[in-house]
Amino acid sequence: MNQLAQTGNNEFVRKLLLEHQLVDIEGLQRADEAREARPDIGLVEAMLNLEILDERQFLHTMGVVLDLQVLDELPVDDIDLELVRDLPITYAKQGYVLPLRREDGRVVVAMSNPLDLSAQDDLRVLLRGRIEPVLALRETVFEGINKVYDRMHGLEGTAGEVLQDDDLGSIAHEIEESTKDILDVTDEAPIIRLVNSILAQAVKDRVSDIHIEPYEKHLSVRFRKDGILREVLRPPRRFQASIASRIKIMGNLNIAEKRLPQDGRIRRVVAGKEIDIRLSTVPTTFGERLVMRILDRTSTVLDLTDLGLDKKLLDTMEDLISRPHGIILVTGPTGSGKTTTLYACLTRINTPDKNILTVEDPVEYQISGIGQMQVNPKIDFTFANGLRAILRQDPDVVLIGEIRDKETAEIAVQASLTGHLVFSTLHTNDAASAFTRLVDMGVEPFLIASSVLAMVAQRLVRVVCRECRVPYVPSEGELASLGLTKVEPSDTFFRAAGCPACSNTGYAGRNAIYEIMRVDEAVRELVMKNADAGALKRAALAGGMRTLRQDGVLKVRRGITTAEEVMRVTQGDLD
């Protein structure tokens with residue numbers, strides 16, 4: 001390390017990386033160009049951001065060259081909180097550094113870049129001791145930072161721990177709206193800490209919605225995870241007004257107005273993640289009811305192969321989205337994953353030679369290379385007006401968040417007929433019903449038949465937990481309910497059990513089941529005749545379409561989900 005300390009500059013770093021064949025000259029030039037735009041980042045960080053440098057290989061090579069230990073996991077539960085109390089979380093995250101322990105007058109610090117000598121100098125001052133680096137991946141260090149600062153601010157585990165505070169009845173007060181991480185907010189107002197702990201727990205548990213509901217004698221906080229609501233907290237009833245006021249302040253709502261529904265938006269950083277929260281309040285008999293929909297802006301958009309499409313359906317979908325023009329509609333209830341499917345489709349066809357534009361409500365995830373607009377009814381920027389504007393931007397592919405009225409539907413049809421590929425969503429129970437829904441809106445059947453390529457219906461089923469699932473042989477009655485007559489040798493049926501890994505639900509994560517109705521000649525003729533949904537579905541089945549339940553049964557037989565789960569989400573659907 002002495003040699004490194006004496007010659008710790010970019011030239012030495014370049015020589016070291018080239019000598020050990022971790023990067024080539026071209027890669028270094030690209031990193032230099034990136035640093036011209038962002039001079040605040042180091043050479044190694046620039047190469048990692050550009051994925052020029054293999055991080056794991058870099059760490060192991062540096063471990064050998066500099067005689068440093070490389071850790072796959074960090075002992076976060078054993079870290080003394082006093083050690084990190086004087087180290088700002090923002091600094092720790094920016095530099096990917098986390099002190100682990102004091103040892104013989106030295107501070108052992110996990111780092112992702114041992115060549116960053118300025119960081120070691122800073123840490124020597126902040127931690128008041130000589131620094132001994134150990135190496136770990138950036139992701140490992142980042143997760144460790146979140147867990148340690150969770151503990152330090154009392155946000156680890158459940159939000160129920162905060163309820164033990166004797167001063168929790170304090171009235172919430174406003175703090176400055178900022179991009180500060182919730183874990184880095186040192187404001188000690190008890191209600192603020194309670195609300196922050198609820199948000200932090202929800203993000204950590206990958207919750208989609210938070211419900212805060214007042215009743216006569218208590219307040220209920222429920223989380224929706226994998227489509228299922230469960231109660232996680234019961235604060236005393238007297239805290240309801242303070243909690244509601246705090247959340248309304250965060251969403252820039254009128255805290256004095258408690259008689260009318262209000263909608264707002266909250267933007268926060270929670271555990272290093274940029275989170276958008278759609279806030280809705282409604283007055284009830286016992287006070288205001290609040291629902292927060294959580295959108296993780298840092299989430300990676302899934303690829304088509306990650307959605308649950310088997311080879312047959314994947315080939316069908318890839319063929320549809322490669323068409324030059326036409327309409328592809330995805331249908332299903334709220335929360336069935338329609339937006340995720342559409343984003344995956346756009347990502348697959350997102351190439352420099354295509355101009356892809358969207359108009360959404362709201363823009364849930366940012367996709368690089370795609371122009372995304374958000375509707376704003378307050379200034380009359382509706383889906384229809386947004387779509388008109390998009391068509392003047394010379395698009396190749398257009399996504400409309402939802403077709404809600406005749407005007408939007410007709411513009412979408414005209415766009416497809418004039419050479420654009422159009423994606424959108426509808427709220428219907430199955431694929432066939434989407435055709436009748438468009439007719440009910442007032443779109444002419446011959447226009448629908450000429451423009452629509454396919455209707456895609458989908459639902460989300462929970463994936464059975466791999467840690468606790470139990471294999472079993474289904475009964476004849478259960479097989480009959482699934483449309484099966486016998487168990488094939490290749491079938492693997494599982495029953496959900498429940499364990500700590502899945503919060504005793506028996507399920508971990510979700511997967512989609514699909515029903516793709518392509519508009520072939522038979523379906524097109526029926527649409528022209530304004531046939532009902534039943535006739536359309538029978539024609540599609542005759543052409544080889546697989547229903548939602550049939551696709552779900554395939555996932556049951558492959559051990560992905562359970563029979564109970566498929567029956568739950570397909571109840572009322574036509575077989």
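How many bridges join strand β11 to β13? The number is 4, and the two strands run parallel. This report on a predicted model starts from that pairing and then turns to other parts of the chain.

## The chain as a whole

The chain has 575 residues, and 51% of them count as buried. Its secondary structure consists of 22 helices and 18 strands.

Contacts can also be sorted by how far apart the partners are in sequence. Among contacts between residues at least 6 apart in sequence, 64% join residues at least 24 apart. The accessible surface comes to about 27,400 Å², and carbon and sulfur atoms account for 47% of that area.

## Strand β13 and its neighbours

Strand β13 covers residues 397-400 and has buried residues on both faces. Val397 and Leu399 are on one side, Val398 and Ile400 are on the other, and all of these are buried. Strand β11, residues 356-360, is joined to β13 by the 4 parallel bridges already mentioned. Within this pairing, Ile356 has Val397 of β13 as its bridge partner.

Strand β14, residues 421-426, also pairs with β13 in the parallel sense, again over 4 bridges. Here Ile400 stands opposite Ser424 of β14. Between β13 and β14 the chain passes through helix α15, residues 406-417, and this β-α-β crossover is right-handed.

Strand β4 (residues 209-214) pairs with strand β5 (residues 219-225) in the antiparallel sense, over 6 bridges.

Val221 stands opposite Leu233 in β6. The hairpin of β5 and β6 has 2 residues between the strands, and Asp226 in this hairpin takes a positive phi near 55°.

Most residues other than glycine have a negative phi. Asp380 is not a glycine, yet its phi is positive, at about 65°. This residue lies in the loop between β12 (371-374) and α14 (383-391). Is Asp380 buried or exposed? Its relative accessible area is 52%, so Asp380 is exposed, the cut-off for exposed being over 50%.

Asp394 also has a positive phi, near 55°. Asp394 is found in the loop between α14 and β13, where β13 is the strand with residues buried on both faces. With a relative accessibility of 62%, Asp394 counts as exposed.

## Aromatic pairs

The count of aromatic pairs comes to 2. In one of them, the ring centres of Tyr96 and Phe142 are 6.3 Å apart and the ring planes are at 50°, so this pair is tilted. Tyr96 lies in the loop between α7 (89-95) and β1 (97-103), while Phe142 is in helix α9 (residues 138-152), so the pair ties together parts 46 residues apart in sequence.

Tyr472 and Phe493 form an aromatic pair that is edge-to-face, with 6.4 Å from centre to centre and 75° between the planes. Tyr472 is in the loop between β16 (470-471) and α18 (476-481), and Phe493 is in the loop between α18 and β17 (494-495), 21 residues apart. Both Tyr472 and Phe493 are buried.

## Arginines over rings

Tyr472 also takes part in a contact with a charged residue: Arg495 lies over the face of its ring, at 3.9 Å from the ring centre.

Where is Asp551 found? Asp551 is in helix α21, which spans residues 548-557. Its relative accessibility is 1%, so Asp551 counts as buried, the cut-off for buried being under 20%.

Leaving out residues up to four places away in sequence, Asp551 touches Leu313, Ala512, Ile513, Tyr514 and Arg546. By contrast, Asp380 is exposed, and Asp394 counts as exposed as well.

Notes: Residues are numbered from 1 along each chain as its sequence is written. This is a predicted model: local features need pLDDT of at least 70, side-chain atom pairs count only at pLDDT 80 or more; totals for chains, interfaces and linings use all residues. Side-chain values use heavy atoms; hydrogens and water are left out. Buried means under 20% relative accessible area, exposed over 50%, partly exposed in between (1.4 Å probe, protein chains only). Two strands pair if DSSP finds at least two bridges between them. A crossover is right-handed if, with the strands pointing away from the viewer, the path from the first strand over the helix to the second runs clockwise. Contact means heavy atoms within 4.5 Å. Accessible areas come from the Shrake-Rupley method with a 1.4 Å probe; for residues, only the protein chains shown count as cover. Rings of Phe, Tyr and Trp (its six-membered ring) pair if their centres lie within 6.5 Å; planes under 30 degrees apart count as stacked, over 60 as edge-to-face and the rest as tilted. A charge sits over a ring if NZ of Lys or CZ of Arg is within 6 Å of the ring centre and within 35 degrees of the ring normal.
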